[in-house]
Amino acid sequence: MSETSRFRSLEDGHGALKGAQTAWDMLSEEQMQKHITTGCEELDAILGGGIHCKEVTEVGGVPGIGKTQLGIQLAVNVQIPVECGGLGGKAVYIDTEGSFMVERAHQIAEGCISDLLDNTAHRLKDFPACPERLQPNSFLANIFYFRICSYTEQIATINYLEKFLEEQKDVKIIVVDSITFHFRQDFDDLALRTRVLGGMSLKLMRFAKKYSLAVVLLNQVTTKFVEGSFHLTLALGDTWSHACTNRIILYWNGNDRHAYIDKSPSLRSATTPFLITGKGIRN
Ligand code: ADP
């Protein structure tokens, strides 16, 4: 085969190479990108609309700052019906720390539904079947919960997810709360730990792209000694930083909770305050 015919055999009808995507296609895809609202308008605004589907977002912060609350909120918000401007999806919640509280998920679902009824009532008039789906129990039934008690179980569950996602095509978010807990407790070989976690995040990134879903990895913070003082830094630090597309840090500023975009290929660094209310994450 000559060089020209070998090249032609790789072309599609439009002169582009098979398997390659043009930057124009990528821009159009980006503009069609779906987002999951966090419940806080300001946080959605600095995120460019909310948590991005097809990407892996890491959320880090000190204990009690609201990582699990955000994880539960996203597992609820991903279910906002398409008629109300949402994704109408389902959630996978992988709980390694035992922090998911079903009563709290019920409360957050109630909060989400009452806001939808207040804010999108005009749209719901056109979709009479929609309000019937707006029941807290229906929201709970669409969260697939996996309780993980060891790192081997975590690896096995992530491997099993491929089959699960093939069967459950409506899953639009995977929350891992937290990605590092068992690995920090029980894994002595640090180089191997980095490789195993790297492999896990690559797999999750592949799921995000293949199934157009959002992956949210909650992460703990640790202290690092830099230039004579201790600084808070995310667990696994620099060895892990390439594994996620976006990184959001939650932190205290006095008595107020703030969120900060620490890393993103497309968003500028920005900070916003947010609240945790009885209804969930809000402005
Ligand atoms: P993290 O996962 O970062 O350790 P959590 O997401 O568990 O933290 O957040 C726990 C905090 O969320 C609590 O300390 C409390 O301030 C807040 N919180 C939890 N439930 C409610 C509620 N019903 N109303 C208001 N705030 C709440």
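**Before you click**

This is a predicted model, where local features need pLDDT of at least 70, side-chain atom pairs count only at pLDDT 80 or more, and totals for chains, interfaces and linings use all residues. Residues are numbered from 1 along each chain as its sequence is written.

**Stop 1: the core**

Start by selecting Ala 75, Ile 173, Ile 174, Val 175, Leu 213, Val 215 and Val 216, the residues with the most contacts inside the largest nonpolar core, which has 65 residues. Such a core is a set of buried Ala, Val, Leu, Ile, Met, Phe, Trp, Tyr and Cys residues joined through C-beta atoms within 7 Å. Helix α5 (residues 102-119) gives the most to this core, 6 residues. "Buried" here is a count: 20 or more other C-beta atoms within 10 Å of the residue's own, with 12 or fewer making it exposed and anything in between partly exposed; C-beta atoms are placed from the backbone. Helices (H or I, at least four residues) and strands (E, at least two) are DSSP runs, numbered from the N terminus.

Now centre on Val 175. Which residues is Val 175 in contact with, leaving aside its neighbours within four places in sequence? Pick out Gly 71, Leu 74, Ala 75, Ala 91, Tyr 93, Ile 94 and Val 216. Contact means that the two C-beta atoms, placed from the backbone, lie within 7 Å.

**Stop 2: α4 on α5**

Next, show helix α4 (residues 67-77) together with α5. Their axes are 9 Å apart and the helices pack at an angle of about 50 degrees. That makes α4 oblique to α5, since angles under 35 degrees count as roughly parallel, over 145 as roughly antiparallel, 65 to 115 as roughly perpendicular and the rest as oblique. The axes are lines fitted to C-alpha atoms, for helices over the stretch in contact, with angles running from 0 to 180 degrees between N-to-C directions.

For the contact itself, select Ile 72, Gln 73, Val 76 and Asn 77 on α4, then Arg 104, Ala 105, Ile 108, Ala 109 and Cys 112 on α5. Sorted by class, the contact has 6 nonpolar, 2 polar and 1 charged residues. In that sorting, Ala, Val, Leu, Ile, Met, Phe, Trp, Tyr, Cys and Pro are nonpolar, Asp, Glu, Lys and Arg are charged, and the others, Gly among them, are polar.

Stay on α4 a moment: 11 of its 11 residues are buried, including Lys 67, Thr 68 and Gln 69.

**Stop 3: α9 beside α11**

Switch to helix α9 (residues 151-167) and α11. Here the axes come within 10 Å and cross at roughly 15 degrees. That makes α9 roughly parallel to α11, and the crossing is left-handed. The tally is 8 nonpolar, no polar and 1 charged.

**Stop 4: backbone checks**

Zoom in on the peptide bond from Asp 177 to Ser 178, which is cis with omega near -5 degrees. Ser 178 sits in the loop between β6 (171-177) and α10 (181-186).

Two residues other than glycine have positive phi:

- Lys 54, with phi near 70 degrees, is in the loop between β2 (51-52) and β3 (56-61). Lys 54 counts as partly exposed because it has 19 C-beta neighbours inside 10 Å.
- Ser 212, with phi of about 50 degrees, is in the loop between α11 (190-210) and β7 (214-219). Its 15 C-beta neighbours inside 10 Å make Ser 212 partly exposed too.

**Stop 5**

Select Pro 136 in helix α8 (residues 136-141). Beyond its neighbours within four places in sequence, Pro 136 is in contact with His 106, Ala 109, Glu 110 and Ile 113. Pro 136 is partly exposed, with 17 other C-beta atoms within 10 Å.

Then jump to Glu 103 in α5. Is Glu 103 buried or exposed? Exposed, because Glu 103 has 7 other C-beta atoms within 10 Å.

Finish at Asp 186 in α10, which is exposed with 11 other C-beta atoms within 10 Å. Leaving aside neighbours within four places in sequence, Asp 186 is in contact with Ser 150 and Tyr 151.

How values were computed: A crossing is left-handed if the near helix is turned anticlockwise from the far one by less than a right angle, and right-handed if clockwise.
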